[in-house]
Amino acid sequence: MDKMMIKLSVLFDDPFWIGVFEKESAGKLTACKVTFGAEPKDYEVQEFLMKNFNRLRFSPPVDSVKEVKEHINPKRLQRDAKKQLESTGIGTKSQQALKLMQEEGKLERKTKSREQREAEKELQFELKQQKRKEKHRGR
């Protein structure tokens, strides 16, 4: 049987409070971001979950790897921590999943607007042709 784990983190992302849902199943992680506005109370978060969980749009799945914890030399830990602080980029898997979801939405909007623009051009062309035909007929 497949195990599923769902985690909710509520954080302050200036100027709003947001909730990041992380759903892990079969080694794949998906995420969803929800904006709460003012700081939500515990009962408000629970009420939101009960009413809206089925409507949440989760990102496409990203591979999730569990790290095996073993003893590491403290000096090596310090060096690794310093390297991680110096490197800039998207850190967590849930952030990567949200970024992927954002990019897919961007592509969808881009194609939709391109199709709309082309349809508008076609309509203008048809109107122009119709006007030319009416002038030619002497109307």
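Start by selecting Thr30: setting aside the neighbours within four places in sequence, Thr30 is in contact with Phe21, Glu22, Lys23, Phe58, Ser59, Pro60 and Pro61. Keep in mind that you're looking at a predicted model.

Is Thr30 buried or exposed? Thr30 has a relative accessibility of 10%, so it counts as buried, the cut-off being under 20%.

Next, select residues 16-25, and you have strand E2. Strand E2 is mostly covered, with 7 of its 10 residues buried. How do E2 and E3 run relative to each other, parallel or antiparallel? They run antiparallel, joined by 9 bridges. To see where the two strands line up, pick Trp17 and look across to E3: Gly37 stands opposite.

Then follow the chain from E2 into E3. These two strands form a hairpin with 2 residues between them. Click on Ala26 while you're in the turn, as its phi is positive, at about 55 degrees.

For the last stop, select residues 4-13, which make up strand E1. How many bridges join E1 to E2? There are 10, and this pair runs antiparallel. For one example, highlight Val10 and find its bridge partner in E2, Gly19. E1 and E2 also form a hairpin, again with 2 residues between the strands.

Before you leave, bring Thr30 back up along with Phe58, Ser59, Pro60 and Pro61, which are among its contacts.

Technical notes. Residues numbered from 1 in each chain as written. Predicted model: local features only at pLDDT ≥ 70, side-chain atom pairs only at ≥ 80, totals over all residues. Heavy atoms only, no water. Buried < 20%, exposed > 50% of the residue type's maximum accessible area, 1.4 Å probe, protein only. Contact = heavy atoms within 4.5 Å. Helix = DSSP H or I, 4+ residues; strand = E, 2+ residues; numbered from the N terminus. Pairing = 2+ DSSP bridges.
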